[in-house]
Amino acid sequence: MELNENSHIVTCVDILGYKEILRRDNQEEIDEIETEFKYFVQQNAILESNFPGFRCISYTDNFLFFYKLDYSSDTRKRHDTIREIYGDAIKEQNERIERVLFLHIYSLALTQFDLISNNYFIRGGLTIGGFREQNATVSGSALLEAHDLEEKAIYPRIILNPDVVKNYISLLRPIPLLIDLEDKNIFIDFLGAVMMERLNPMYSDVKKGEVDVKELNFFKSELLDVKKNIENALISAASDKILAKYKWLVEYFDYFCHSHKCIGLDELAIDSFYNADRFKSVRMLNLM
């Protein structure tokens with residue numbers, strides 16, 4: 001995966017059920033969703049990384065995020081929380097590319113959390129490759145690949161091209177990624193990313209249960225909102241195919257909650273019985 005002047009991080013995202021909304025042709029409803037979606041995307045991109053040139057456009061029922069990898073630039077800033085927590089751990093070879101990718105994934109995770117908290121469920125695919133935008137036309141290998149990955153995601157998750165993980169993410173980087181061992185897809189652990197953002201601990205402190213009680217209670221209240229929206233989605237699923245998507249989300253949500261029993265998150269799980277072997281950290285499996 002060689003970088004050149006046309007290389008971009010490209011992410012294709014689909015809102016579950018958005019196609020049906022478009023078919024109803026209710027422009028007011030469409031505008032409301034697009035405005036809210038782009039708001040969260042832009043806010044989190046700015047918050048996490050101050051990406052110069054970050055863009056988000058929509059087409060059919062998809063949203064496309066793209067960012068040119070100007071790795072000669074020193075103008076980007078780190079998010080203060082990430083710098084405070086991890087310090088020099090994110091200074092390695094290919095530091096600029098790795099850091100941009102790290103922060104981009106982090107901003108996508110926060111966006112996904114914000115959206116699901118507002119009852120929007122998304123799936124998507126992220127890759128790095130050739131991309132071009134000119135005269136209202138977008139093209140390139142990364143566009144095709146991101147779109148293919150989005151369709152391959154199936155469930156409400158954002159999956160990554162495994163070559164991106166292999167080539168641009170180091171074991172030292174505390175990046176929120178999990179692998180679904182049933183289909184081998186690597187996806188963004190958006191709940192884990194938000195936990196790091198909200199509680200701002202070293203990971204070892206979370207393992208010991210040493211977190212601020214006020215911050216923890218606020219995070220739990222946010223998780224309860226997510227849980228409620230997942231449960232409502234299960235009830236309202238119109239077909240077995242749609243139901244399967246939300247059942248996957250239940251498995252992931254419960255995996256996350258039971259994995260952090262030390263701070264009481266297991267109490268929020270939807271099901272007390274969960275598949276502890278389905279999801280693993282890519283760091284634990286040495287996939288980076």
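Mentor: Start with the term. A cavity is a set of grid points where a 1.4 Å probe fits but cannot get out. Its volume is the space filled by probe spheres set on those points. Keep in mind that this is a predicted model.

Trainee: What does the probe do?

Mentor: Rolling a probe the size of a water molecule over the atoms shows where empty space is left. Here, the search of the whole structure finds 1 cavity of 30 Å³ or more. The largest cavity holds about 30 Å³ of space.

Trainee: Which residues line the largest cavity?

Mentor: Its lining consists of Gln112, Ile116, Phe121, Ile122, Pro156, Phe190 and Leu249. Sorted by class, that makes 6 nonpolar, 1 polar and no charged residues.

Trainee: Now a single residue. Is Ala193 buried or exposed?

Mentor: Buried means under 20% relative accessible area. Ala193 has 0%, so Ala193 is buried. Look for Ala193 in helix α7, which covers residues 190-199.

Trainee: What is Ala193 in contact with, leaving aside neighbours within four places in sequence?

Mentor: Ala193 touches Tyr106, Ala109 and Pro176. Compare Leu108 too: Ala193 and Leu108 are 85 residues apart in sequence, yet their C-alpha atoms are 9.6 Å apart in space.

Trainee: And the protein as a whole?

Mentor: Count 10 helices and 10 strands. Of its 288 residues, 52% are buried. Take the contacts between residues at least 6 apart in sequence: 72% of them join residues at least 24 apart. The accessible surface is about 13700 Å², with 47% belonging to carbon and sulfur atoms.

Key. Residues are numbered from 1 along each chain as its sequence is written. This is a predicted model: local features need pLDDT of at least 70, side-chain atom pairs count only at pLDDT 80 or more; totals for chains, interfaces and linings use all residues. Side-chain values use heavy atoms; hydrogens and water are left out. Helices (H or I, at least four residues) and strands (E, at least two) are DSSP runs, numbered from the N terminus. Buried means under 20% relative accessible area, exposed over 50%, partly exposed in between (1.4 Å probe, protein chains only). Contact means heavy atoms within 4.5 Å. On a 1 Å grid over the protein atoms alone, a cavity is a set of points where a 1.4 Å probe fits but cannot get out, and a pocket is an open set with protein on both sides within 12 Å along at least five of seven lines; lining residues have an atom within 4 Å of a point. Ala, Val, Leu, Ile, Met, Phe, Trp, Tyr, Cys and Pro count as nonpolar, Asp, Glu, Lys and Arg as charged, and the others, Gly among them, as polar. Accessible areas come from the Shrake-Rupley method with a 1.4 Å probe; for residues, only the protein chains shown count as cover.
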